[in-house]
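Reader: I'd like to go through this one label by label and hear what stands behind each. Can you show me the structure?

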Amino acid sequence: MGKNEERRKSRRRSPENFGLGILQSNCLNSGNGFSGEPLYLFVDIKNYSDGGVFTALPFELDRDDVVNIALPDKDAVQWQTRSAKVAWSKNDQDSKMLHTGFQFLSDQCRSGKEPLLETDPDKPSPVDLSFFFQAGYFEAVSQTGLCFLLNSFKRVQIRAGERFICQGDPGDCLYLIQKGTCVVFIEKDGKDVKIARLKKGDIVGEMSVLTGEPRAANVEAQTDMVLWRLASDVFESLSEEHPDLRLLLTEIMSNRFEKSIFFGDRTVGKYLLSNKIGNGGWGIVYNGLHRFLKMPVAVKMMKHDMAMEPVFLETFRKEAEIIARMRHPNIVSVYDIEEVYKTVFIVMEYLEGVSLREMMEKIGPLPVERCVNILEQTCDGLICAHNHDIIHRDIKPENTFLLENDVVKLLDFGLACPSGTEDMSMAGTVYYTPPEQIEGNPVDFRSDLYSLGIMAYEMVTGQKPYPEESLAELMDMYCK
């Protein structure tokens, strides 16, 4: 049996917990800009076997290129390094990456906390990985995107007493603190006014990156520090090719709103945000308060991967103007729109109650009379919106809110994801989505009625009319 056939028959395993590896080489033959230069990159490991490994790379390697590939255990503590050569390569149109298969050159491997070659002192090493994962900012970023971020961070060492951010300077980067502490202060009336003290796991300098404005404060190291620097221009360039990287900005803002004790850090326009009350496919919802009227509101922050897409944002603005003018007892009222921090905040009526999903999970199928009452109100809201040429596009129990005495409020009206965005990969949405929307074809009021029919069936029977066990089986039914 040939070696290629033996390799194909090897049992393949997916990486445990996360699929990162390190690709290393002192010299490549490839004419891809790396020829003759040392290479040290985190790469996306799809699967591996005793004979080789399947990766996603941002560039193409020659068949003659020999590299070292370091693979971690499930906790990224111990690493095994093997020499390998390129066996095959195929372009992946969806991810814009090169799917590349490597064949191990021998059965020997070296184990340890460090891979075979020396690490780049300016880049994260294997022993730094646990810190990056514990920081909690990268959970929403794809595996491939995470590799790009890790390869873009640069290590910076700062001595105690050194000022590394100056008030008024351009905001060209942000820093993630791995070691040490620093103090943030502003110069006011000839005096230094302390704002905050930051420590391991905190991010500093992010607001200038988000607003494009000059630095609003000084930052000085209290102790010797180790920081990871992410340049704004590098991040902007990467996120153009890989929009899911923008979710890093969403995580940064969410962390700021939830953890900061300063009112200024939790202010969006005229509104003060407090605790998070919801997290959906395209937005995060916070309790809010109008700072002057003292009126409670709900504020939804749109996730950055959508808000930074020009085509979607333009459509959203047009529909938001219409939605804000709609006043109907069965549609949640939109009071205001704020565009700041490279995203959009939708200020809405604050509601007290439960979603239809929560209600069905607690009591199961609903009595027919109660179903009819809820559906009649839902239809009244839909008629109002359709008369304004607004299609909801995401009717489901999660977006149907019940107030006292089963008064219905439809959420996210007209603000739901258009076809082709991230929500289309979420099972909770796909079960209610009409075939034309999944296929990317135009939608109209009948699309909302299709979704409403699925929801009505589930309200009465306690189950969906299509298979819930397998999303793939459902998609096959849609395509027939």
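**What the labels rest on**

Author: Of the 480 residues in the protein chain, 51% count as buried. Keep in mind that this is a predicted model.

Reader: What makes a residue such as Tyr 40 count as buried?

Author: Buried means under 20% relative accessible area. Tyr 40 comes out at 6%, so Tyr 40 is buried. Phe 42 is at 3%, so the label holds there too.

Reader: Why is the pair of Tyr 40 and Phe 42 called edge-to-face?

Author: Two values decide it. Ring centres have to lie within 6.5 Å for a pair, and planes over 60 degrees apart count as edge-to-face. The centres of Tyr 40 and Phe 42 are 6.3 Å apart and the planes are at 80 degrees, so this is an edge-to-face pair. The structure holds 13 aromatic pairs.

Reader: How do you know what to call the pair of Phe 138 and Phe 153?

Author: By the same cut-offs: 6.2 Å centre to centre is within 6.5 Å, and 85 degrees between the planes is over 60, so Phe 138 and Phe 153 are edge-to-face. The two are 15 residues apart: Phe 138 is in the loop between helix 2 (129–135) and helix 3 (143–152), while Phe 153 is in the loop between helix 3 and strand 8 (154–158). Phe 138 has 9% relative accessibility, under 20%, so Phe 138 is buried. Phe 153 has 2%, so Phe 153 is buried as well.

Reader: Which residues make up the cluster that ring pairs link with Phe 138 and Phe 153?

Author: Phe 131, Phe 132, Tyr 137 and Trp 228 belong to that cluster together with Phe 138 and Phe 153.

Reader: What makes you say that Arg 82 sits over the ring of Phe 104?

Author: The charged atom must be within 6 Å of the ring centre and within 35 degrees of the ring normal. The charged end of Arg 82 is 4.2 Å from the centre of the Phe 104 ring, and it sits over that ring. Lys 464 does likewise with Tyr 431, at 5.3 Å from the ring centre.

**Cores**

Reader: Which residues have the most contacts inside the largest nonpolar core?

Author: That core has 49 residues, and the ones with the most contacts inside it are Phe 132, Tyr 137, Phe 138, Leu 149, Leu 176, Leu 248 and Phe 257. Leu 149, leaving out residues up to four places away in sequence, touches Phe 138, Val 141, Leu 230, Phe 235, Leu 245 and Leu 248. There is also a second, separate core of 44 residues, which includes Met 360, Leu 382, Val 408 and Leu 411. In soluble globular proteins, nonpolar side chains tend to be buried together.

**Strands**

Reader: What makes strand 2 mostly covered?

Author: Nine of the 10 residues in strand 2 (residues 39–48) are buried.

Reader: How do you know that strand 1 and strand 2 pair?

Author: A pair takes at least two bridges. Strand 1 (residues 20–25) and strand 2 have six, in the antiparallel sense, so they pair. Gln 24 has Tyr 40 in strand 2 as its bridge partner. Strand 2 also joins strand 3 (residues 52–57) through four antiparallel bridges, and a hairpin of three residues connects strand 2 to strand 3.

Reader: Why are strand 16 and strand 20 called edge strands?

Author: Strand 16 (267–268) and strand 20 (334–340) each pair on one side only. Their sheet is open, with six strands in the order 16-17-18-19-21-20 and antiparallel pairing. Strand 20 meets strand 21 (residues 343–349) over six bridges, and Ile 337 has Ile 346 as its bridge partner.

Reader: Arg 357 and Asn 255: buried or partly exposed?

Author: Arg 357, in helix 9 (residues 356–363), has 14% relative accessibility, under 20%, so Arg 357 is buried. Beyond four places in sequence, Arg 357 is in contact with Pro 397, Glu 398, Tyr 432, Glu 458 and Lys 464. Asn 255, in helix 6 (residues 247–259), has 22%, which falls between 20% and 50%, so Asn 255 is partly exposed. With neighbours within four places set aside, Asn 255 is in contact with Tyr 137 and Ser 260.

Terms used: Residues numbered from 1 in each chain as written. Predicted model: local features only at pLDDT ≥ 70, side-chain atom pairs only at ≥ 80, totals over all residues. Heavy atoms only, no water. Phe/Tyr/Trp six-rings, centres within 6.5 Å; stacked < 30°, edge-to-face > 60°. Buried < 20%, exposed > 50% of the residue type's maximum accessible area, 1.4 Å probe, protein only. Core = buried A, V, L, I, M, F, W, Y, C linked by side-chain atoms within 4.5 Å. Contact = heavy atoms within 4.5 Å.
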